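Subject: Structure for you to look at

Hello,

Here is the structure I said I would pass on. Please open it first, then read the notes below.

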Amino acid sequence: MTETPTRIYVDADACPVKDEIYRVALRHGVPVSVVAGNFIRVPQDPLIERIAAGAGMDAADDWIAERAKAGDVVITSDIPLASRCVKAGADVMAPNGKPFTEESIGMTLAVRNLMTDLRSAGEVTGGPRSFSPRDRSAFLSALDQTLRRIQRRRADQAATHQG
């Protein structure tokens with residue numbers, strides 16, 4: 001049984017931590033798929049793949065959701081996409097480092113839907129708070145820890161299969 005390597009999928013259109021993702025991924029030797037609706041600039045590196053998923057409403061989200069699986073990492077602030085990827089078994093986190101988990105995604109999705117309904121009814125709900133250096137630092141730490149945890153889990157599984 002051969003396992004596919006861990007891959008990081010980036011919902012890139014509005015992602016503020018792409019440079020940080022590249023740094024951590026290259027340090028760990030993990031390939032990255034940077035997925036956007038249209039062209040997006042990425043570093044020239046064989047581990048970094050640029051995907052222009054098309055201009056359809058959820059083209060980038062659908063592309064990621066169709067491929068993300070257990071052992072992969074998805075970076076997104078799109079809560080419906082996060083929900084789809086969590087259900088597929090991927091480790092999912094927001095650009096501020098906050099993980100989306102099976103335990104948290106239901107409530108997160110419900111709050112998101114409530115806020116969408118309030119906005120469509122004319123309520124002023126405000127937007128997300130601005131992205132801070134602390135968010136960037138928390139993200140770097142969370143991504144590094146997630147990749148280490150996946151590597152440990154895979155090493156433990158390999159040892160179990162050998163023994």
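Strand β2 (residues 32-36) is largely enclosed by the rest of the structure, because five of its five residues are buried. Buried means under 20% relative accessible area, with a 1.4 Å probe and protein chains only. Strands are DSSP runs of E with at least two residues, helices are runs of H or I with at least four, and both are numbered from the N terminus. V32, V34 and A36 cover one side of β2, and S33 and V35 the other.

This is a predicted model, in which local features need pLDDT of at least 70 and side-chain atom pairs count only at pLDDT 80 or more, while totals for chains, interfaces and linings use all residues. Residues are numbered from 1 along each chain as its sequence is written, and side-chain values use heavy atoms, with hydrogens and water left out.

On the neighbours of β2: strand β1 (residues 8-11) runs parallel to β2, joined by four bridges (strands pair if DSSP finds at least two bridges between them). In this pairing, D11 stands opposite V35. Strand β3 (residues 48-52) is also parallel to β2, with five bridges, and A36 has A52 as its bridge partner there.

Then there is helix α3 (residues 79-87), whose buried residues are I79, L81, A82, S83, C85 and V86. At its start, a side-chain oxygen of D78 comes to within 2.7 Å of the backbone nitrogen of L81. After α3 comes G89, with a positive phi near 95°.

Regards

Notes. Buried means under 20% relative accessible area, exposed over 50%, partly exposed in between (1.4 Å probe, protein chains only). A polar contact is a pair of N or O atoms within 3.5 Å; within protein, one must be able to donate a hydrogen and the other to accept it, and residues adjacent in sequence count only if both atoms are side-chain atoms.
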